Amino acid sequence: VPMVAPGNVQVHVINSTLAKVHWDPVPLKTVRGHLQGYKVYYWKVQSLSRRSRRHIEKKILTFRGNKTFGMLPGLEPYSSYKLNVRVVNGKGEGPASPDKLFKTPEGVPSSPSFLKITNPTLDSLTLEWGSPTHPNGVLTSYTLKFQPINNTHELGPLVEIRIPANESSLILKNLNYSTRYKFYFNAQTSVGSGSQITEEAVTIMDE
């Protein structure tokens, strides 16, 4: 098997899900056989928004021939990763380069995990929601938009409300009685807005 590890491993983080790895090629005489390529082992150490450590799954990408760089796609935003590089010949892999730590920046969050509308009265509705399963960063706020729907399914004026990130419920007051409303709800990080979930609910006709 090859004798030495690739040197001078560098990571250039391109965005929240993509990084580029560079390394110096090993001297050909240390390959001790036919140079097949380089393997990059990489794994997520932890999410920076959740302190949970789960089973660490190592991923491997193989770059054929005498390559000196490779792309790592499909990374998770706002996470810390480690990687190392090994050279490969027909017999197997050489030793790993020292582990290199890198961090991905924040991305936009996934949609809130649920939106539930309860306690209808003549002029109010109560909204409850769950935070995104994948925040992909630090949540800064939620955005609620809603509008009435009349009997001919036309949409009325859209109202938009910003809600602090630490809230998980809201009572909407001063609504029209016996009216159907459509709600659009999403979360934000400093990078931008995540995908929204929609829901509909009706205020009651009379007490």
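**Exercises on domains and salt bridges**

The chain is divided into domain 1 (7-104) and domain 2 (112-202), with bounds from an automatic or database domain assignment. This is a predicted model, in which local features need pLDDT of at least 70 and side-chain atom pairs count only at pLDDT 80 or more, while totals for chains, interfaces and linings use all residues. Residues are numbered from 1 along each chain as its sequence is written, and side-chain values use heavy atoms, with hydrogens and water left out.

**Exercise 1.** Describe the contact of domain 1 with domain 2.

Step 1. The C-alpha centres of the two domains lie 42 Å apart, and the contact (heavy atoms within 4.5 Å) takes 4 residues from domain 1 and 6 residues from domain 2.

Step 2. The area buried between them, that is, the accessible area (1.4 Å probe) lost by the two parts on being put together, summed over both, is about 410 Å², of which carbon and sulfur atoms give 52%.

Step 3. Arg50, Pro77 and Tyr78 supply 79% of the area that domain 1 buries against domain 2.

Step 4. Across this interface there are 0 salt bridges, a salt bridge being a side-chain nitrogen of Lys or Arg within 4 Å of a carboxyl oxygen of Asp or Glu.

**Exercise 2.** Characterise the salt bridge of Lys44 with Glu76.

Step 1. The closest N and O atoms of Lys44 and Glu76 are 2.4 Å apart.

Step 2. Lys44 is buried, with a relative accessible area of 14%, whereas Glu76 is partly exposed at 33% (buried means under 20%, exposed over 50%, partly exposed in between; 1.4 Å probe, protein chains only).
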